[in-house]
Amino acid sequence: MIAAADAAVSAAARELVDLSHAIHAEPELAFAEFRSVRMTMAPLRERGFEIDAPVAGLDTAFVATYGSGELVVGLCAEYDALPDIGHACGHNIIAATAVGAALALAEVADRCGLTVKVFGTPAEESGGGKVLMLERGVFDGIAMALMVHPGPVDIVGTRSLALADLSVSFEGREAHASAAPEYGRNAGDAATVAQVALGLLRQHLRPGQQLHGIVESGGVAPNIVPGHAELLYYLRAEDSASLDDLLQRASACFAAGALATGCTHTIRPLAPVYTELTPDPALLNAYREQVVGIGRTPLAPEFEAQRLLGSTDMGNITNAIPGIHPVIGIDAGGAVTHQREFAAACVTPSADLAVLDGARALARTAIQVAGDQLHRNRLLERSIQRQEDIR
């Protein structure tokens with residue numbers, strides 16, 4: 001069955017690489033990935049997958065289904081890009097890899113007792129598409145959820161941080177900055193005071209806690225006291241409890257800016273909270289065995305904790321469903337994700353190989369676990385229990 005799955009990936013190799021390149025050539029932002037969705041669904045529809053789109057009230061989310069086995073494997077496809085720097089996180093590779101693994105598993109679904117589902121998940125970079133799909137029941141009945149993410153090195157047990165994505169608005173009062181500054185209340189100054197407070201807070205953060213942001217708006221002209229300012233901030237932590245602590249402390253810094261300047265402020269979440277990755281150990285072991293079997297050398301387990309991925313809404317999936325989110329390595333010439341140089345590396349021969357190797361490794365992992373009665377029963381029992389808990 002593994003040989004049949006590998007052969008299916010090889011047969012579709014040109015199509016998968018073309019898909020990766022096509023998505024990369026036309027980057028689209030969160031919840032607006034219309035061309036990318038059409039391109040991702042096309043090879044699945046041609047292979048006989050049943051397409052349900054859109055789903056969860058999201059225009060660029062879909063589910064493609066093949067087979068009728070009792071063990072349901074979900075493959076997550078991402079395809080959103082970053083503002084200005086395009087596919088610098090390699091989501092074109094993720095989408096093509098998910099399609100490739102699905103085509104491979106379709107070849108053996110009956111023999112493995114599988115139902116294969118591809119989840120088109122928008123807005124991973126900002127917006128939390130997977131969280132919304134999970135909350136709205138799209139992932140119900142899934143026994144395992146798999147995906148790979150490109151990076152500079154192969155990592156099996158990837159770690160990520162919990163994330164809160166915030167907008168902080170300050171409202172003051174405009175006035176002439178020279179003729180009547182005493183009548184103004186400077187929202188730009190409120191943002192500045194808040195950022196100074198956040199900078200001082202950094203020395204007291206717990207291990208794993210991070211905060212970083214930008215000024216989205218801070219005034220319209222030098223001779224007008226800014227009546228409005230907005231900060232966009234990410235707060236991150238090792239787990240949800242630590243994130244709650246950081247959110248409380250950062251909120252006090254935002255409030256301090258408003259208090260010091262006589263302004264008001266509003267904190268607004270821009271996306272659902274991302275939880276930390278909690279990968280399934282048995283699936284990790286199976287993936288490690290299979291990715292080594294195709295000739296890759298992932299980072300040793302004892303060093304994985306030193307290589308944080310950042311944050312991903314796949315964390316929420318792995319906290320509800322057994323899942324994995326390993327990194328598939330590409331030769332990025334020393335570049336890292338969210339750099340223009342990494343975006344360029346995501347359509348090189350090394351990236352194309354990662355598409356095919358990632359598809360093979362995911363398909364092989366699902367086949368191995370499906371054929372192990374102990375793990376198969378465990379996944380089925382957990383899926384049934386989750387369904388009962390939901391009801």
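This is a predicted model: local features need pLDDT of at least 70, side-chain atom pairs count only at pLDDT 80 or more; totals for chains, interfaces and linings use all residues.
Local features need pLDDT of at least 70, side-chain atom pairs count only at pLDDT 80 or more, and totals for chains, interfaces and linings use all residues. Residues are numbered from 1 along each chain as its sequence is written, and side-chain values use heavy atoms, with hydrogens and water left out.

The protein chain splits into domain 1 (1-159 + 275-390) and domain 2 (162-269). These bounds come from an automatic or database domain assignment. The domain centres, taken over C-alpha atoms, lie 36 Å apart.

Seven residues of domain 1 contact eight residues of domain 2 (heavy atoms within 4.5 Å). About 560 Å² is buried between the two domains, and carbon and sulfur atoms give 38% of this area. Buried area is the accessible area (1.4 Å probe) that two parts lose on being put together, summed over both. Thr275, Glu276 and Ser311 supply 63% of what domain 1 buries against domain 2, more than any other three residues.

Four residue pairs, both members at pLDDT 80 or more, are in polar contact between the domains. Such a contact is a pair of N or O atoms within 3.5 Å; within protein, one must be able to donate a hydrogen and the other to accept it, and residues adjacent in sequence count only if both atoms are side-chain atoms. The touching side of domain 1 holds no nonpolar, four polar and three charged residues. Here Ala, Val, Leu, Ile, Met, Phe, Trp, Tyr, Cys and Pro count as nonpolar, Asp, Glu, Lys and Arg as charged, and the others, Gly among them, as polar.
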